[in-house]
Amino acid sequence: MSLPLAALSVILGGHPVAGSVLLVLTLSRVWVLRHRLTFVVTILLLLVAGGYLFWTQQQVKLRRVSPQQPTNVALTIQFQPDALVFRGASYYFVAKNQTNGEPLTVHGWADSAATLARLKAIRRAQTWRIKGQQIGILPATNFNQFDAASYWAHRGVTKSIKIDQVTRQQNVPATLLTWFQNGWHLQRTRLIRYCDRLPGALRVYALGLLPGTRAAEAVQELQGMKQLGLLHLFSISGLHVALLLTAVEWLCVHLRIQREHWEWGLLLGLPGYFILAGGGSGVLRACLMRGLQLGGRKLRVKMSGLDAWAGALIVGLLLNPGLLFDLGSQLSYGLSLGLILLVRETTWWRQIGLTLLGLPSLLNGIFQWHLLTLLANMVLVPLFPVVMLPVTLVGVFSFTWLPGLSSSCAWLLGTMDVGLAKVAALPGNVTFGKPWWWVSWLWLGLSWWLFSRPPQQRQRWLIGLLASYGVVYGLIHFPIQGEVAYFDVGQGDSILLREPFNRRISLIDTGGRLALPQSRWVPATPPSYGAVQTTINYLRSLGIDHVDDLYLTHHDADHIGDLPAVLRELRVTRILVPVGMENEPGWQHLIRGSRYPVVVQAIKLGSRVPLVVRHPYEAAPAENGNSLALQGDFGGLNFLFMGDLDQAGEQKILGDDPQLRTDVLKLGHHGSKTASAPAFIAQLRPRLAVISAGRRNRYGHPHADTLATLRATHTPAVSTQTAGMIRYRYTGAHGVWQTKLKGERDS
């Protein structure tokens, strides 16, 4: 009964074809059971639950507002103290509008150390009266990027509030209906603040496995675990929940507590533990499955593991209609189902089965897979309940009384992470790319079908299944199309030039943001780079793990600030900079963390590189006036990329080549009035102007004068501000323009 409902959620979630196919298959399966009551109940469940899911979807649509234009609001909001998440002096949380109960994401900034300390000291549910700016949550603005708007919409959230002022702050009065919930949220808040003080890697593990939250250092600390496909060991899958509950049961039995008592205690305590553990999809599944099994035992109703799994899926879908679109949920429900259905298999076949079941989700979510994943799972999954989890618990409980023991636990976990990172760095990490959705569904179905075959027949079919992965890998890595893609990196530049069959991969700038100086009281945070979610993420989705030529137009942070992330995540053959920049010490620190040797080459007009260099003419400081200007032909069109070059540089280019023309012009300096002189635009006569600028940027880009120049010369323009990522995909001399937020059109 649960699978037709899952199919319906897929249909409502935006995949009508895949969902309809799954719905027909699952209903057919129920029908051939020839059990009328089961079929009738399934149809009733579809009608009732489907009506509810459709109604909630419509409510979410009605609450949507523009993600482009903020409005001033004054609201009263309510939230739990454990919802507060801090990063430096900033904080965010999910709250409810007290007027209508609508969930909202809220973020603000502590203006002093005292304010930050007061926020971290909150232990009771809060009601705040705030003034601020309300705006819709922006959808993914780059292709294959994580879609925050969709993620939050599945949870009923469509608006984000930026706090300007908190005019009233008070504790929510406790009532008979709220004391249980508030009490568990209080305990979770204390647990988070306690774990936040733990040393090193222990802090990352404790926060992830106990209150189910993520430390700021988790991305770096767990990098090896992520590359080896072992994240399911964390709270993402709920595996630790089952282990902890099993440990509690073992303890109760050995303390000779009557089964009747501890089972009731466990059953009644599961809702509280669900809150304490963070309420993620993996935790929800694990708690629901254990609760259904305990409840069935109390009601003397036979409840198998598969029945419990199906019940947990139904409840999960009703609480989060987009459950099946989240990587964590896919791994949690998929791998737990695999453990149930493959329980009679040998260890080897069970690991193969779990790998095959999780692989389509991983390739769709992170686009890569390590050849050592199977071996790593076989080694570390058994170690998790006997080493990793116990060491974490010992480190947490000993921190107050035996800090030395806690530090030793942190060292042990950190050493393990370093070892995993070294293993992940071994040859075998395959940047596969993002397979087509229907291929992923087909792989999943074929993986289940494989295990319906007798063991003696599986090897042949397994080879065929793996061969299909090889075929898709080849199609992704050797595409007949090329492309020119302007990433939406906010207030900055980053452009991809990819030739057909991936013969040459070039990148112009990396994007980045200016790091503003922080007050001394602001807690330090690990550096974060937008390119990880934009440029690097997109390249990986195409199966690309390297860049042949990386052009840095000049030294401004909005053009090269994310260079460390690119050099850490991708293999860059050479960096090309305007002559003079190669000797500037101000940006040299950005290349020190490169994972691979990289060559820096200075270029100017006349340099022999794949693109035509139009500027600079001589060595000078790599400021806007000495920015690279590059030109090239792709897919029957000529492209000119102006970096941040100003009008004086434009005049030099025209003086050198009075007959210069181009089809597509990337405007200099984000459409600033210091570039794109009327004479320059009139001379080039571009068929399209591309503007790369941040939404609501403080510089006012693109400038009204520049837009007036484009109108006067009848030059159509498209901007990343409104269109998101802009790309031109071509085959031969013909191509198609696509924008992430505006569809596509022929060239």
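Predicted model: local features only at pLDDT ≥ 70, side-chain atom pairs only at ≥ 80, totals over all residues.
**Entry 1**

Residues are numbered from 1 along each chain as its sequence is written, and side-chain values use heavy atoms, with hydrogens and water left out.

Next I looked up the strands themselves. Strand β4 (residues 103–109) runs parallel to strand β6 (residues 159–171), and three bridges join them. I noted the naming rule: helices (H or I, at least four residues) and strands (E, at least two) are DSSP runs, numbered from the N terminus. Two strands pair if DSSP finds at least two bridges between them.

How many bridges join β5 to β6? I found eleven, and here strand β5 (residues 126–136) and β6 run antiparallel. For R129, I wrote down R168 as the bridge partner in β6. A reminder to myself: strands of a sheet pair through backbone hydrogen bonds, either parallel or antiparallel.

**Entry 2: an open sheet**

I then followed six strands that form an open sheet, in the order β15-β16-β17-β18-β19-β20, with mixed pairing. Its edge strands are β15 (612–615) and β20 (717–719), each of which pairs on one side only. From one strand to the next, the twist averages 20°.

At one end of that order, I checked how strand β19 (residues 688–691) meets β20: they pair in the parallel sense over three bridges. I691 has S719 as its bridge partner in β20.

**Entry 3: two cis peptide bonds**

Which residues does a cis peptide bond join? I found H615 and P616, with omega at about 10°. P616 sits in the loop between β15 and β16 (629–634). I also found a cis peptide bond between H701 and P702, where omega is about -10°. P702 belongs to the loop between β19 and α25 (704–712).

**Entry 4: two arginines with positive phi**

I kept in mind that most residues other than glycine have a negative phi, and most peptide bonds are trans. Phi of R34 is near 60°, a positive value in a residue other than glycine. I located R34 in the loop between α2 (16–32) and α3 (36–63).

Is R34 buried or exposed? Its relative accessibility is 66%, so R34 counts as exposed. The cut-offs are under 20% relative accessible area for buried, over 50% for exposed, and partly exposed in between (1.4 Å probe, protein chains only).

R256 also has a phi near 60°, a positive value in a residue other than glycine. I placed R256 in the loop between α10 (239–254) and α11 (259–276). With a relative accessible area of 77%, R256 is exposed.

**Entry 5: helices α15 and α16**

My last stop was a helix pair. Helix α15 (residues 347–365) and helix α16 (residues 373–398) pack at an angle of about 120°, and their axes are 10 Å apart. That makes α15 oblique to α16. Angles under 35 degrees count as roughly parallel, over 145 as roughly antiparallel, 65 to 115 as roughly perpendicular and the rest as oblique.

Where do the two helices meet? W348, Q351, I352 and T355 in α15 meet L374, N377 and M378 in α16, with contact meaning heavy atoms within 4.5 Å.

Notes
Axes fitted to C-alpha atoms, helices over the stretch in contact; angles between N-to-C directions.
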